[in-house]
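Welcome, and please open your viewer. We will go from one selection to the next and look at what is there.

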Amino acid sequence: MVKTNLSNCPVCDRDLVIREYECLKCHTTIRGHFRQDKFSKLTQEQKDFIEIFVMKRGSIKEIEKELGISYPTVRNKLDQVINALGHKVESDQSRIEILNMLNEGQISPEEAAEMIENLNLEGNNE
């Protein structure tokens, strides 16, 4: 049985390295010290989200429909992936942008309230 690739030690949570690869057909073995890529740090849920994100070509509206979640939830999931990949998420939305989206019917009042609350939590007081 093939298991999902581990990226952290289940005992101390430190990074794991790969020391050996083996071909299942010819049994060729390659030994060394191999680092894992940053995508190995993602949870399965985050990997599933990325797959949908790519399939929907980054269209947040399409991702909302596919997953049955709100615009702010899609953005939150995307921010979590960005953080997990080791990058800083910078808030690029001000209250004015959120209100414009609400005015144009792109988001509901509930979604606008959630997004403004998230801005408040981030300390972004524009």
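In which helix is the place of Leu-99? Select Leu-99 and you land in helix α4; helices here are DSSP runs of H or I with at least four residues, numbered from the N terminus. This is a predicted model, where local features need pLDDT of at least 70, side-chain atom pairs count only at pLDDT 80 or more, and totals for chains, interfaces and linings use all residues. Residues are numbered from 1 along each chain as its sequence is written, and side-chain values use heavy atoms, leaving out hydrogens and water.

Leu-99 counts as partly exposed because its relative accessibility is 45% (buried is under 20%, exposed over 50%, partly exposed in between, with a 1.4 Å probe and protein chains only).

Next, select Ile-107. Beyond its neighbours within four places in sequence, Ile-107 is in contact (heavy atoms within 4.5 Å) with Tyr-71, Ile-98, Met-101, Leu-102, Ala-112 and Met-115.

Finally, show α1 (residues 44-55) and α2 (residues 60-67), which pack at an angle of about 125° with axes 9 Å apart. Axes are lines fitted to C-alpha atoms over the stretch in contact, and angles run from 0 to 180 degrees between N-to-C directions. Color Phe-49, Ile-52 and Phe-53 in α1, and you will find them meeting Ile-63, Glu-66 and Leu-67 in α2.

Note on methods: Helices (H or I, at least four residues) and strands (E, at least two) are DSSP runs, numbered from the N terminus.
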